[in-house]
Amino acid sequence: MTAQPSTQTRAAADSAEKPLLEVTDLQRYFPFREVQGLRMVKATVKAVDGISFTLRQGQTLGLVGESGCGKSTTSRLVTRLDEPTGGSVVFEGRDITHLKEHQLRSIRRDVQMIFQDPYSSLNPRHTIGSILSTPLKVHGLHKGKEKARVQELLELVGLNPEHINRYPSEFSGGQRQRIGIARALAVEPKLIIADEPVSALDVSIQAQVMNLLAKLRDDLDLAFIFVAHDLGVVRHFCDQVAVMYLGKIVEYGDKKKIYEAPEHPYTQALLSAAPDINVARGIAPKERIRLIGDVPSPIDPPSGCRFRTRCWKAQDICAQQEPPLATSVEDTTSVRARRDRGLHLQACHFPEVKTTLVAEVPAEPVA
Ligand SMILES: Nc1ncnc2c1ncn2[C@@H]1O[C@H](COP(=O)(O)OP(=O)(O)OP(=O)(O)O)[C@@H](O)[C@H]1O
Ligand code: SF4
Ligand SMILES: [Mg+2]
């Protein structure tokens, strides 16, 4: 007789199948006024302009792109620290896009953020005990046992539980970031958004913090959105990667696809910018792509493809038609073959697989 899955097994399988987070056509326009000659005119910053992605429990998405492409704005919209001007954010099947603050109580617990700057994100006048017990009190967790929970959290992130009465100024940058991580974990969230959590840290400390985050992700089965400037940082941490340019996702897919067979010129340029370890190994250097020019203003982005002003492959159609985020060039075969190869989408009129940029990705971080 065939074994039947138990109700719990089916429930667990169902929750693994259902997206934890569904972001659809997300948009954030910031209106403002600027002086032009003698007149005040209305203008709009298109910080995030129609991006979509999904995340399941335990999955990790890397959000990567140059400064100003909309990574932090996206993070703030997903956590509902800011309200979208278009599109939707659905968390565990509930549309949270336009909920009022008093309706966001459970989201404030389930979705947590780790900030880039471990110095400004902790109140210097409060002890670590106070900083970590506040979210417990707000959400009525571990009542009467807050101190024991705070000490448990300090231990979880590799800090001495006896340091509970110390102030943030008595810790190093790496230790402060561990406190920020403990604060995010205090309320047992389902999703953590880490906005460049290691970029303000010393290189030697970065690997330790990355390893801690990876261990917590695995031990606690957390979903993560990990924001970074460069593709090297997220390579060993993420299952999927979304590459952003001027408020849009230009390439999105399973990690292996993005690193080993990138199709969008911008992704290829970002990968090419990573340090070349081939040279040190005496192997032929990888292909180099040098991006020319600055990122255009999000107030008046280029027509058609927003990357066209810096793209070496641009043609007339690139100025006339915006390329949709569509199926990869590899995916011309059967549905089954596509599924086996994993998710891969790109937004380019002339996509082309490049496999010559792979070898230079930095090695796995060590503690
Ligand atoms: N409150 C705001 N009002 C007006 N413009 C804003 C506001 N917040 C962000 N922007 C603009 O939106 C764009 C995206 O900003 P965002 O902070 O999301 O970029 P980012 O990718 O996180 O950049 P970085 O890597 O430098 O942190 C930028 O042009 C920024 O100036
Ligand atoms: S659509 Fe055109 S400009 Fe845009 S990335 Fe592709 S080739 Fe370059
Ligand atoms: Mg940012």
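Ala, Val, Leu, Ile, Met, Phe, Trp, Tyr, Cys and Pro count here as nonpolar, Asp, Glu, Lys and Arg as charged, and the others, Gly among them, as polar. This is a predicted model: local features need pLDDT of at least 70, side-chain atom pairs count only at pLDDT 80 or more, and totals for chains, interfaces and linings use all residues. Residues are numbered from 1 along each chain as its sequence is written, while chains are lettered from A and ligands numbered from 1 in the order in which they are written.

**Ligand 2**
- Pro265, Cys305, Phe307, Arg308, Cys311, Lys313, Ala314, Cys318, Pro323, Cys348, His349 and Phe350 surround ligand 2 (C-beta, placed from the backbone, within 6 Å).
- This shell splits into nine nonpolar, one polar and two charged residues.

**Ligand 1**
- Phe30, Ala47, Ser67, Ser72 and Thr73 come nearest among the 13 residues around ligand 1.
- Strand E2 (39–55) and helix H2 (71–78) are the elements giving two or more residues to that shell (DSSP runs numbered from the N terminus: helices H or I, at least four residues; strands E, at least two).
- H2 gives the most, with three residues.
- The shell around ligand 1 has five nonpolar, seven polar and one charged residues.

**Helix pair H4/H6**
- H4 (residues 128–138) and H6 (residues 173–185) pack at about 25 degrees, axes 8 Å apart (lines fitted to C-alpha atoms over the stretch in contact; angles run from 0 to 180 degrees between N-to-C directions).
- H4 and H6 are therefore roughly parallel (under 35 degrees; over 145 is roughly antiparallel, 65 to 115 roughly perpendicular, the rest oblique).
- Ile128, Ile131, Leu132 and Pro135 of H4 meet Ile179, Ala182 and Arg183 of H6 (C-beta atoms, placed from the backbone, within 7 Å).
- That contact has six nonpolar, no polar and one charged residues.

Key: Contact = placed C-beta atoms within 7 Å.
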